[in-house]
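I opened this model today to look up a few things and keep notes as I went.

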Amino acid sequence: MKKQNQSTILKQKALTLTILFGSSLFIIFLGMFFCAFSFFNNISFKVLNSQIPGVIFGLLVMYLGIRYYLSVGRLKEEVYKSTSEFSWNNLFK
């Protein structure tokens with residue numbers, strides 16, 4: 001198996017992290033959009049015999065997107081450490 005040079009690995013890491021950051025920003029945007037859409041159109045959902053405003057669900061999606069964004073930031077720090085390398089053992093703990 002060939003060894004990849006360092007610049008190719010860094011480009012792959014950067015591309016992957018960019019995709020993860022982009023997807024987390026997209027989730028945040030969807031949450032904000034759903035909040036605004038629900039607010040202007042008075043959307044609510046029936047959950048266990050009570051009406052919940054759609055804005056609450058939009059805020060929940062936005063919150064989860066923000067948490068995901070912060071998690072990707074922590075992952076970025078771990079990935080760019082000089083001691084980090086891929087191991088199959090990390091996947092199957």
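**Helix packing.** I started with how helix 1 and helix 2 pack: their axes are 7 Å apart and meet at an angle of about 165 degrees. That makes helix 1 roughly antiparallel to helix 2 (angles under 35 degrees count as roughly parallel, over 145 as roughly antiparallel, 65 to 115 as roughly perpendicular and the rest as oblique). For the axes, lines were fitted to C-alpha atoms, for helices over the stretch in contact, and angles run from 0 to 180 degrees between N-to-C directions. I also noted that helix 1 passes helix 2 in a left-handed crossing (the near helix is turned anticlockwise from the far one by less than a right angle; clockwise would be right-handed).

**Ground rules.** This is a predicted model, where local features need pLDDT of at least 70, side-chain atom pairs count only at pLDDT 80 or more, and totals for chains, interfaces and linings use all residues. Residues are numbered from 1 along each chain as its sequence is written, and side-chain values use heavy atoms, with hydrogens and water left out.

**Overall layout.** I read the elements from the N terminus as α-β-β-α, which comes to two helices and two strands. These are DSSP runs, numbered from the N terminus: helices are H or I with at least four residues, strands E with at least two. Of the 93 residues in the protein chain, 13% count as buried (under 20% relative accessible area; exposed is over 50%, partly exposed in between, with a 1.4 Å probe and protein chains only).

**Surface patch.** Which residues form the nonpolar patch on the surface? I found Phe26, Ile27, Phe29, Leu30, Met32, Phe33, Phe37 and Val61, with about 730 Å² of accessible area together. Patch members have over 30% relative accessible area and no salt bridge; nonpolar side chains (Val, Leu, Ile, Met, Phe, Trp, Tyr) are joined within 5 Å, like charges within 9 Å. A salt bridge is a side-chain nitrogen of Lys or Arg within 4 Å of a carboxyl oxygen of Asp or Glu. Helix 1 (residues 6-41) gives the most, seven residues. Valine 61 sits in helix 2 (residues 54-79) and is partly exposed, at 34% relative accessibility.

**Two asparagines.** Most residues other than glycine have a negative phi, and I looked for exceptions. Asparagine 42 has a positive phi of about 50 degrees; it lies in the loop between helix 1 and strand 1 (44-47) and is exposed at 67%. Asparagine 49 has a positive phi of about 60 degrees, lies in the loop between strand 1 and strand 2 (50-53), and is exposed at 71%.

Note on methods. Areas by Shrake-Rupley, 256 points an atom, 1.4 Å probe, with all protein chains shown as cover.
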